[in-house]
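Hi,

Here is the structure I promised to pass on. Please have a look at it first, and then read my notes below.

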Amino acid sequence: MRYLTLTSLSVLAAGPAMAASKNPFSADFWKLSNTDFIVLVAFILFIAVLFYFKVPGMISKMLDDRASGIQSEINEARALREEAQTLLASYERKQKEVQGQADKIVEQAKKDAEAAAEQARADLKVSIERRLIAATDQIASAEASAVKEVRDTAAVVAVQAARDVIAKQMTATDGNKLIDDAIAEVDARLH
């Protein structure tokens with residue numbers, strides 16, 4: 001790995017030298033008056049300083065740390081996603097259970113309402129029958145009362161009419177004879 005890095009650095013260092021206007025293999029190139037040579041030396045020193053202070057290692061470590069941080073975030077995101085999917089499945093299952101219970105409650109409420117309506121119809125029928133019986137009894141009682149009243153009135157009228165007829169047809173001797181017969185009948189019954 002280190003050899004690969006050194007090789008790539010030497011290629012990088014040779015790049016600016018090759019791009020210079022003067023031939024790097026000529027004697028003029030290696031003079032301090034040549035700016036291309038100064039730039040090449042400065043570039044090589046800069047790379048050397050970077051290696052001396054282990055900057056590539058620090059950059060590599062930072063990149064590794066960043067990569068491991070990203071990997072841990074990805075793992076955490078996966079875990080959160082799986083947890084969310086589990087939670088979603090749980091809530092969907094609970095929602096189905098609650099929906100099933102709600103359907104059962106509605107169905108039971110309908111059955112209860114139908115049963116209550118049937119009971120109300122039966123109670124109404126019994127109440128109507130009771131009222132009909134009570135009304136029939138009242139009618140029968142009123143009819144019996146009316147018949148009794150008519151009989152009583154007829155008896156009173158008949159007695160009054162008989163009294164009037166007897167009073168017109170009866171003489172004093174007939175009245176005395178009736179009184180004597182009544183006293184004799186009472187005396188015979190008492191003894």
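Let me start with Lys 148, which counts as exposed at 53% relative accessibility. Here buried means under 20% relative accessible area, exposed over 50%, and partly exposed in between, with a 1.4 Å probe and protein chains only. Its partner is Asp 152: the two form a salt bridge, and their closest N and O atoms are 3.9 Å apart. By salt bridge I mean a side-chain nitrogen of Lys or Arg within 4 Å of a carboxyl oxygen of Asp or Glu. Asp 152 counts as partly exposed, at 41% relative accessibility. Both Lys 148 and Asp 152 lie in helix α3, four residues apart, which is about one turn of the helix.

Before going on, a word on the source: this is a predicted model, in which local features need pLDDT of at least 70 and side-chain atom pairs count only at pLDDT 80 or more, while totals for chains, interfaces and linings use all residues. Residues are numbered from 1 along each chain as its sequence is written, and side-chain values use heavy atoms, with hydrogens and water left out.

Now the overall layout. The protein chain has four helices and zero strands, in the pattern α-α-α-α along the sequence. Helices (H or I, at least four residues) and strands (E, at least two) are DSSP runs, numbered from the N terminus. Of the 191 residues of the chain, 6% count as buried.

Back to the charged pairs. Side chains of opposite charge can pair when their charged atoms come close.

- Asp 65 pairs with Lys 61, with the closest N and O atoms 3.3 Å apart. Both are in helix α3, four residues apart, or about one turn of the helix. Asp 65 is partly exposed at 42% relative accessible area, whereas Lys 61 counts as exposed at 53%.
- Glu 185 pairs with Arg 189, with the closest N and O atoms 3.2 Å apart. Both lie in helix α4 (residues 172–190), again four residues apart, about one turn of the helix. Glu 185 counts as partly exposed at 43% relative accessibility, and Arg 189 as exposed at 68%.

Next, helix α2. At 1.5 Å a residue, the 18 residues of α2 (residues 35–52) should span 26 Å, and the end C-alpha atoms are 25 Å apart, which agrees. The expected span is 1.5 Å times one less than the number of residues in the helix. Which residues of α2 are buried? They are Phe 37, Leu 40 and Ile 47. Seen down the axis of α2, these buried residues fall within an arc of 95°, so they line one face of the helix; the arc is that of the directions from the helix axis to the C-beta atoms. On the other side of α2, Thr 35, Leu 45 and Tyr 52 are exposed.

Both ends of α2 have something to show. At its start, a side-chain oxygen of Asn 34 reaches to within 3.1 Å of the backbone nitrogen of Asp 36. Just after α2, Lys 54 takes a positive phi of about 55°, in a residue other than glycine. Lys 54 is found in the loop between α2 and α3 (55–169), and is exposed, with a relative accessible area of 59%.

Finally, the surface. Val 49, Tyr 52 and Phe 53 form a nonpolar patch with about 370 Å² of accessible area together. Such patches are made of residues with over 30% relative accessible area and no salt bridge, with like charges joined within 9 Å and nonpolar side chains (Val, Leu, Ile, Met, Phe, Trp, Tyr) within 5 Å. Accessible areas come from the Shrake-Rupley method with a 1.4 Å probe; for residues, only the protein chains shown count as cover. Tyr 52, in helix α2, is exposed, with a relative accessible area of 64%.

Best wishes

Definitions and conventions
A polar contact is a pair of N or O atoms within 3.5 Å; within protein, one must be able to donate a hydrogen and the other to accept it, and residues adjacent in sequence count only if both atoms are side-chain atoms.
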